[in-house]
Amino acid sequence: MTNQEGDHYISYLDQQGKYRGLLSWLLSTDHKRIGLMYFYVIATFFFIAVSLGLLMRTELIAPGETIMSPQTYNGLFTVHGIIMIFIIVIPGLSVVFGNFFLPILIGAKDVAFPRLNLFSFYLFLLGAIMAVLSQFLGDGPPDTGWSFYVPYSVESSTNVIFALTAAFILGFSSILTGINFIVTIHRMRAPGMTFMRMPLFPWSIYATAWIQVLATPIIGITLLMVIAERLFGIGFFDPALGGDPILFQHLFWIYSHPAVYIMILPAMGVVTEIFPTFSQKPVFGYTAIAISSLTIAFIGYFVWGHHMFTSGTSYFSRLFFSLLTFLVAVPSAIKVFNWVATMYGGSIDLKPPLLYAVGFIFLFMIGGLTGLIQGALATNIQVHDTAFVVAHFHYIIFGGMGFAAFAGIHYWYPKMFGKMYNIRFANIAWVVIFTGFNLFYFPQLVIGMQGMPRRYFDYLPQFKTGQVISTIGSYILVTGLLMMLINLLATRKKGKTAPANPWKGVTLEWQIPSPPPLENFDVIPEIKRRPYFFGESKNDK
Amino acid sequence: MSDHAVHSEHYDREAGKLGMWIFLFTELFLFGGLFLVYAVFRATYSADFHEAASELNTFIGTLNTVFLLTSSMTVAMSITAIQKNNRILAFMLILITLLLAGLFMVDKYIEWSHEFAYKVYPGSEVLKNMPRGELLFFGLYFMMTGLHALHVFIGMILLTINLVKVKKGIIHRDNYLLLENSGLYWHLVDLIWIFLFPLLYLVS
C-alpha cells in the first residue's frame, strides 16, 4: 500500500457514524475510538493516583504526623494501590495500545467482537468509578492495602466491599478484553500473516490475553469469597470458624502474580516495536522474543508462592517457588539481550520513544535484579515487607511498564492524533522524569535494606535522609510528568501535522495515513515476509 | 468512503464459537477456585464433611440432576432441530429446556427454604455452634449451589431470548450461533452440577 498523504480520506477522529458529537464516541464500536476512550480514562485516573502518591510522599517528608492521620494514610495507600494496579497498570497498555494498534498491526479492520469491546469498556468505567467512590461512601476509605489480606479485610470496618466489587468488575472487563484479543489474533490476521510473521507487540498481547483469561477468574472467585465472608460470616478464611488465612494468600497470588506479567508483557511488546524502528534494523532474535513471551506467561503462572516465603509455607514448596522464580527471569533476560542486540550496529536515532525505551531497559534491569534478591530464600527474610519491596515493585511497574507506556505514547502519538509533539521539550521532560524517578525510588531500596517497613506512615530518625531525598525526587518526577502532559496536550490540536510515517517504521501502522481512516485499510494488505524488514542489507535474511 | 459510512461489523461464526469456548474456560476456573477450597477443607475435615453431607436431601439432589441432564439433552436436540430447519420443534425443545430449568429452581427453592426453616444458613447461630468442618461444608454448599443457581438463572434468560428469536424467525438454519453458544453455556451449567452433586450430596 502506498502512503496516502494528500489523498482525500476521512480519519477516524472526524468520522460521523449513526450518532453525532459526543455520542459518536461513547457508542462507537471502532477499536481506535475505544482505545482512545480508555486512554483518556486511564490518564485521568493516573493523575488522581499520582496525586494520592504525592500526598503520601509529603507525609513522609518528616517523621511523625506531618499532614495527615495514620488512618488517612492507610486509606491513601490502599486507594493509590487499587487505582494504580486494577485501573491503570493491569489493563493499561493492553486496552489502550492493544485496542488501537493490535488490529492495525495484524492487518485487520477491527477486533473480533467490537460490541463486546465497547461493553468491556463500560464495565471498566463502572469498576473504576466504584473504586473511587469507595473512598467517599460508607464508613470511610478502605484501609486494607490493595492486596485485601484476610483476616484484616474481613474485620476492617471501612468500605471494603465496595472496593472488592470494583476489583471484581474490573476483572470481568479484563477477561472479556482478553477473549476478544485472543479471538482477534486467531481469526483476523491479514492473508499471509502467519503467527511467525506477526509483529512482536501482537505476540505480547497474545500471551497477555491468555493470562488474563486463565488467571483472572481465580481472583474473581476469591474476591467473591471475601465478600461472602464479610456479608454472611461464612468462615473460609477465618481461623476462628475453621478457615485458613493462608489459603486466601494462595488464591490471591495465584492471580496476582501472573497479573504482574499482564502488566509487563505488553510493555515489553511496545519497546520491542520501538527498538527496530529507531535502529533501522530488523529485530534481533524474532523467534526468541516471541516464544519468550509465551514462556513468561507459562512459568509466571507457577511462581506465586514467592510472595509467601514468610507465611509459614513448607520448606520444599519455598524451594520450588524460589527455583521457578529464578527460571522466570531467564526469558525476561533473553528479551533484554535481544533489545540490546537489535540496537547494536544499527543507525540509532535517539528520539523520545527510544529514550523512554532505553530508560525502560535500565530501570527494568534494576527492578528485575532486585526481584531476584527477594526470590532468594535467605535474603527474602531480610527485605520482606520493607520499602525495598516497594522500590523493587515501582522499578518494575513504573520504571518498566510506566516508561514503556510513555515510550508507546511518544511513538504512536503522531499516528493516533495526526499531530507531532515538540521533540526537544519531550527530551527535556524525559531527563526530568528519569532523574526524579531514580531520586525517588533508589533511596527506598537503601532504607528498605536497612529495615524501613512498607506501608508505615511514620519512621525512625535514621531513615530521614532517605525519605527526604525520596520526597524531593517525587516532586521532580511529578514535574516531569506534568511537562510531558503539557507537551502532549498543547500539541494535540495545535501541533504540526504529522506525516504518515515520521519514524521510518516498517510495520503496518506506518503504511496507512495519520490518523488512520475508520476501517484502517482500504485494501487489506497481503503479508509476504516477516516484519521489521528495512530494505536489503547484510542484516536481512 | 462516504461521510456517513456506518462502521461495518464483522461476522464470523468460528470466531463466535472460539470466543464462547474461551469464556467457558474462564467459568470453569471461576468454579475451580471453589473446588480448590473444597478440596483443602475436605482434606482437613473429612469426618465433618461426611457428617454434614448426610444432612442434605439426596432425593432432591438426584431429582435436580435428572432435570438438568434431561434439559441438556433437549437443548442439544433443539440445535439439531434448527439445523434441520424445523423451527417449531426447536421452539418446543427450548421451551421444555426452560421448563426443566424452572423445575430445578423450584426444587432448589424448596430445598433451601427447608434448610432455612432449621436455621441453617450462612452466619446463623445454629451453624456457628456446629463443628468447624460442618460449618465450612455448609458455607461451601451455599456458596457453590448459590453461584450455580445464579448461572442457571442467567442461562434461563439466554434461553428465553433464544425462544423469542426462534419464534420470530431471527434464528434459523443459517444463523443459529446464539442458540449454539447458549447451548454450550447450558451444558457448562450442567457439567458443573455433575461435579457439585457427588461432592456435596454423595460424600456422606
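Author: A residue is called buried if 20 or more other C-beta atoms lie within 10 Å of its own. The model under discussion is a predicted one.

Reader: What share of the residues of chain B count as buried?

Author: The test is applied to each C-beta atom, with a threshold of 20 or more others within 10 Å. Among the 204 residues of chain B, the share that counts as buried is 36%.

Reader: Which order do the elements of chain B follow from the N terminus on?

Author: Chain B contains 7 helices and 0 strands. Its C-alpha trace spans about 70 × 35 × 25 Å along the principal axes. Read from the N terminus on, the elements run α-α-α-α-α-α-α.

Reader: Which helix gives the most to the side of chain A that touches chain B?

Author: The contact takes 38 residues from chain A and 31 residues from chain B. On the side of chain A, α7 (160-187), α8 (200-232) and α9 (245-279) each supply at least two residues. With 9 residues, the helix that gives the most is α8(A).

Reader: How many nonpolar residues does the side of chain A that touches chain B have?

Author: Sorted by class, this side of chain A includes 10 polar and 6 charged residues. Its nonpolar residues number 22.

Reader: Are α3(A) and α7(A) roughly parallel or roughly antiparallel?

Author: Helix α3 (residues 70-89) of chain A packs against α7(A) at an angle of about 15°, and their axes are 10 Å apart. Angles under 35 degrees count as roughly parallel. Therefore α3(A) and α7(A) are roughly parallel.

Reader: Which residues of α7(A) does α3(A) meet?

Author: The crossing of these two helices, α3(A) and α7(A), is left-handed. By class, their contact has 6 nonpolar, no polar and no charged residues. From α3(A) come A:Ile82, A:Phe86 and A:Ile87, and in α7(A) they meet A:Ala163, A:Ala167 and A:Leu170.

Reader: Which residue of chain B does A:Ile182 touch?

Author: In the largest nonpolar core, of 220 residues, A:Ile182 is among those that touch the most other members. Leaving aside residues up to four places away in sequence, A:Ile182 touches A:Tyr206, A:Ala209, A:Trp210 and A:Val213, and from chain B it touches B:Ile22.

Methods: Residues are numbered from 1 along each chain as its sequence is written. Chains are lettered from A and ligands numbered from 1 in the order in which they are written. This is a predicted model: local features need pLDDT of at least 70, side-chain atom pairs count only at pLDDT 80 or more; totals for chains, interfaces and linings use all residues. Helices (H or I, at least four residues) and strands (E, at least two) are DSSP runs, numbered from the N terminus. A residue is buried if 20 or more other C-beta atoms lie within 10 Å of its own, exposed if 12 or fewer, and partly exposed in between; C-beta atoms are placed from the backbone. Two residues are in contact if their C-beta atoms, placed from the backbone, lie within 7 Å. Ala, Val, Leu, Ile, Met, Phe, Trp, Tyr, Cys and Pro count as nonpolar, Asp, Glu, Lys and Arg as charged, and the others, Gly among them, as polar. Axes are lines fitted to C-alpha atoms, for helices over the stretch in contact, and angles run from 0 to 180 degrees between N-to-C directions. Angles under 35 degrees count as roughly parallel, over 145 as roughly antiparallel, 65 to 115 as roughly perpendicular and the rest as oblique. A crossing is left-handed if the near helix is turned anticlockwise from the far one by less than a right angle, and right-handed if clockwise. A nonpolar core is a set of buried Ala, Val, Leu, Ile, Met, Phe, Trp, Tyr and Cys residues joined through C-beta atoms within 7 Å.
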